[in-house]
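Here is a short briefing on one protein chain. Keep the sequence and the 3D view open as you read.

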Amino acid sequence: MTDAASQTTPWMIQLTPLERSKLKKVGFWGGDAVPWQDAPVPEDFVDLTWSSEERARVSTYLGESPAVECAMFSATCRICGKRDGRADWVTDGVWVWPADFRHYLDAHQVKPPAGFLEHIQRMQFRLPAPLVPAETTIERIASPFFVGLERTDEGHALLFRPPPTSRKPTFVTLLEVRKETGCYQVTFNPAYREDWERHSIWRTLALALATPAGALTGSRRILFWLFVIACMGVSLLLPLWMRRH
Ligand SMILES: [Zn+2]
């Protein structure tokens with residue numbers, strides 16, 4: 001957890017559930033490790049005659065595409081057994097594949113199915129840009145990520161960082177959104193977890209009180225706080241009263 005790299009996500013794209021549901025799957029293999037048994041196996045797609053030039057271009061295309069889902073585990077190659085990096089799900093906005101699909105092309109000359117290959121050829125081996133407009137990506141990212149961060153425009157990207165004067169630790173130390181692609185990358189603060197655990201009792205109490213109070217408006221909020229004060233008063237005075245009687 002202290003490793004700086006593990007605190008940074010891969011380049012990601014924020015799709016809506018509807019957009020995700022329309023993605024076509026490729027490179028998800030069948031067999032014992034996968035629930036759908038009728039899915040293909042990689043050995044069936046090995047093609048030693050496939051042009052190495054096109055294979056390299058497709059491999060680059062796969063590598064440049066952003067993750068739509070981060071995996072908490074690494075993938076193991078179904079052919080050679082090599083553990084090959086993270087098992088993130090990667091997309092070009094039309095198709096979705098596991099990040100290790102690229103290994104099958106590079107190491108085992110697995111040729112993707114015709115539909116996917118024709119799609120990449122039609123795209124001229126370039127990702128559509130932007131996949132999601134940068135401002136839309138910002139709207140779609142969960143708002144707690146931005147707490148305590150300041151937005152700056154760096155020309156090619158929009159950066160969100162804690163202001164230099166900030167002393168409070170923030171959950172995120174850097175959030176970068178590329179203007180050209182709409183892809184983003186998040187670096188989380190490793191110290192935040194420690195800080196959170198140290199103050200968790202007080203934070204939990206403060207949140208427990210602030211959440212219902214924040215949801216209430218006007219006189220209801222006043223009544224809520226009167227109720228809290230009354231409860232505290234009773235809990236303090238009751239033991240005293242019981243001692244006397
Ligand atoms: Zn392999």
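Start at helix H3, where Phe101, Arg102, His103, Tyr104 and Leu105 are the buried residues. Those buried residues pack against H2, strand E4 (83–86) and E6. Bear in mind that this is a predicted model.

**Overview**

- The protein has eight helices and 10 strands.
- Of its 245 residues, 20% count as buried.
- Take the contacts between residues at least 6 apart in sequence: 55% of them join residues at least 24 apart.

**Confidence**

- Mean pLDDT for the protein is 85, and 84% of the residues reach 70 or more.
- Residues 1–5 stay under 50 in pLDDT. For this stretch the model has three contacts beyond four places in sequence.
- Where pLDDT is low, predicted coordinates should not be read in detail.

**The largest nonpolar core**

- Which residues touch the most other members of the largest nonpolar core? They are Ile13, Ala67, Val68, Val90 and Tyr184, out of 28 residues in that core.
- Leaving out residues up to four places away in sequence, Ala67 touches Pro10, Trp11, Met12, Asp88, Trp89, Val90 and Ala99.

**Two buried loop residues**

- Pro66 sits in the loop between H2 and E2. Is Pro66 buried or exposed? Pro66 is buried, because 24 other C-beta atoms lie within 10 Å and 20 or more is the cut-off.
- Beyond its neighbours within four places in sequence, Pro66 is in contact with Trp11, Met12, Ile13, Val90, Thr91 and Cys183.
- Pro66 and Asp88 are 22 residues apart in sequence, and their C-alpha atoms are 9.4 Å apart in space.
- Gly182 belongs to the loop between E9 and E10. Gly182 is buried too, because 22 other C-beta atoms lie within 10 Å.
- Contacts of Gly182 beyond four places in sequence include Ile13, Pro130, Leu131 and Val132. Pro133, Ala134, Thr136 and Thr137 are also in contact with Gly182.
- Gly182 and Gln14 are 168 residues apart in sequence, yet 8.6 Å apart in space, C-alpha to C-alpha.

**Backbone features in loops**

- Gln109 follows H3 and lies in the loop between H3 and H4. Its phi is positive, about 55 degrees, although Gln109 is not a glycine.
- Gln109 counts as partly exposed, because it has 15 C-beta neighbours inside 10 Å.
- Phe125 is found in the loop between H4 and H5. Phe125 is not a glycine, but its phi is positive, near 60 degrees.
- Phe125 is partly exposed, because 14 other C-beta atoms lie within 10 Å.
- Where is Pro130 found? Pro130 is in the loop between H4 and helix H5 (134–140).
- A cis peptide bond joins Ala129 and Pro130, with omega about -10 degrees.

- Gly115 is placed in helix H4. Gly115 counts as exposed, because it has 10 C-beta neighbours inside 10 Å and the cut-off is 12 or fewer.
- Gly115 and Val26 are 89 residues apart in sequence. Their C-alpha atoms are 9.6 Å apart in space.

**Helix H8**

- H8 covers residues 218–244, which is 27 residues. From first C-alpha to last, H8 reaches 39 Å, close to the 39 Å expected at 1.5 Å a residue.
- Where does H8 bend? H8 bends at Leu237, by about 30 degrees, and a proline, Pro239, follows within four residues.
- How many of the 27 residues of H8 are buried? The count is zero, and H8 is hardly covered.

Methods. Residues are numbered from 1 along each chain as its sequence is written. This is a predicted model: local features need pLDDT of at least 70, side-chain atom pairs count only at pLDDT 80 or more; totals for chains, interfaces and linings use all residues. The expected span of a helix is 1.5 Å times one less than its number of residues. The bend at a residue is the angle between axes fitted to the seven residues ending there and the seven starting there. Two residues are in contact if their C-beta atoms, placed from the backbone, lie within 7 Å. A nonpolar core is a set of buried Ala, Val, Leu, Ile, Met, Phe, Trp, Tyr and Cys residues joined through C-beta atoms within 7 Å. pLDDT is the predictor's confidence in each residue, from 0 to 100.
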